[in-house]
Every structure is written in structure tokens, then in C-alpha cells.
Amino acid sequence: MISEHATKPFLIGYRFSPEEPETPGITMRETFELLDELMNANIDYIHMATTEAWAQLRRGIVSEKSRTEIIAEYINGRVPYIGVGNIHTPAEAALVLDKGKTDFVSLGRALVVDPHWVEKVKSNKEETIIHHLTENDQQKAVIPTPLWKLILEVEGWFPVVR
């Protein structure tokens, strides 16, 4: 489809959750099998989906290393790897790049809390990064009402000062 329809470079990647907590569920060993298939299909990048970059392995592989590190070792530079998971500061992002051996870092909640996070880091204004929301920030943060309700209802999902 890309060769037929793309008018400019077009990347195909895959975002995946590395393991499932329930049994039966995907183990890390099965995750490696999935990664092999994806890389054999010549995708352009792998993007891990996890809420914590430094979470430990659940099942299928025994290691003291985090999922982020184990997957980076397994991929071994064969495709670009995007790390994610509870990253709020430039130092945390740098750690995922360095220790986690990822090629890129994905920010989620940090950008919802402060949409200007990247610009502030690029202009050496890290001290101005906003790290939490207040109950009155919905309009300022331009958050749609359904998401705002979830943010307030799910304790600990987003940093909200009440």
C-alpha cells in the first residue's frame, strides 16, 4: 500500500504491550517471538507500551533488568526502539535513552500536563515545566471533558493537586 499510495516517506511501526499480567497471557518469551515476526516484516520502528519504563519482567524470562532494557538487548539495534513509561523530567527521558538503550522516548502524561514540555527543554527552561494539574486546569490544559473526568476519577493516573 505504501509503494502504491504514499507520496512522501511513510513509516510503519508497531506499538505493543510486552507482557500480560494474567495467566494465560503473553509472556516475555512470546513477546520475543512477536518482535522477531515484526522485524522480519521490515517494520520501521518498535514502540513499547508500558506505564513504567523500569518495570520488572513478569513471566517467561528471568532477569534483574527491566522490560525496557531486556527488549533493547533483544532488538539489538535491528530497528529503532521507542521507550515509554512514567517519564516526566528530562533526566528521566535521558535515563530511558541511556540506561534503557532506546533510540527515542515517548512522552504521554507529561505532555498532557505541560504541552510545552519539549520547547521548555530545548530552550533550557526545564525549571518552568509544569509537573501536575490542579482541579481547575481543564480549560488551560485544553483537555476534553471525557478525558478530564477520567483524569480526576482514576487515582494516581495523572498528577493532580487537589
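Colleague: Which residues form the nonpolar patch on the surface that has about 270 Å² of accessible area together?
Modeller: A patch joins residues with over 30% relative accessible area and no salt bridge, like charges within 9 Å and nonpolar side chains (Val, Leu, Ile, Met, Phe, Trp, Tyr) within 5 Å; a salt bridge is a side-chain nitrogen of Lys or Arg within 4 Å of a carboxyl oxygen of Asp or Glu. Accessible areas come from the Shrake-Rupley method with a 1.4 Å probe, and for residues only the protein chains shown count as cover. The patch in question is formed by I2, F10 and I12.

Colleague: What kind of model is this, and from which number are residues counted along each chain?
Modeller: This is a predicted model, in which local features need pLDDT of at least 70 and side-chain atom pairs count only at pLDDT 80 or more, while totals for chains, interfaces and linings use all residues. Side-chain values use heavy atoms, with hydrogens and water left out, and residues along each chain, as its sequence is written, are numbered from 1.

Colleague: Is I12 buried, partly exposed or exposed?
Modeller: I12 is found in the loop between α1 (2-5) and β1 (13-16); helices (H or I, at least four residues) and strands (E, at least two) are DSSP runs numbered from the N terminus. Buried means under 20% relative accessible area, exposed over 50%, and partly exposed in between, with a 1.4 Å probe and protein chains only. Its relative accessibility is 38%, so I12 counts as partly exposed.

Colleague: How many helices and strands does the chain have?
Modeller: Along the sequence, the pattern is α-β-α-β-α-β-α-β-α-α-β-α-α-β. The secondary structure comes to eight helices and six strands.

Colleague: Why is helix α3 largely enclosed by the rest of the structure?
Modeller: The cover over its buried residues includes β1, α2 (28-40), β2 (45-48) and β3 (81-83). The buried residues of α3 are R67, T68, E69, I70, I71, A72 and I75. Helix α3 (residues 67-75) is largely enclosed because the buried residues number seven of the nine.

Colleague: Which peptide bond is cis, with omega near 0 degrees?
Modeller: Most peptide bonds are trans. The proline in this one, P24, lies in the loop between β1 and α2. The cis bond runs from T23 to P24.

Colleague: What is the relative accessibility of N124, a residue with a positive phi of about 55 degrees?
Modeller: N124 is not a glycine, and it lies in the loop between α6 (117-122) and β5 (133-134). N124 counts as exposed, since its relative accessibility is 64%.

Terms used: Contact = heavy atoms within 4.5 Å.
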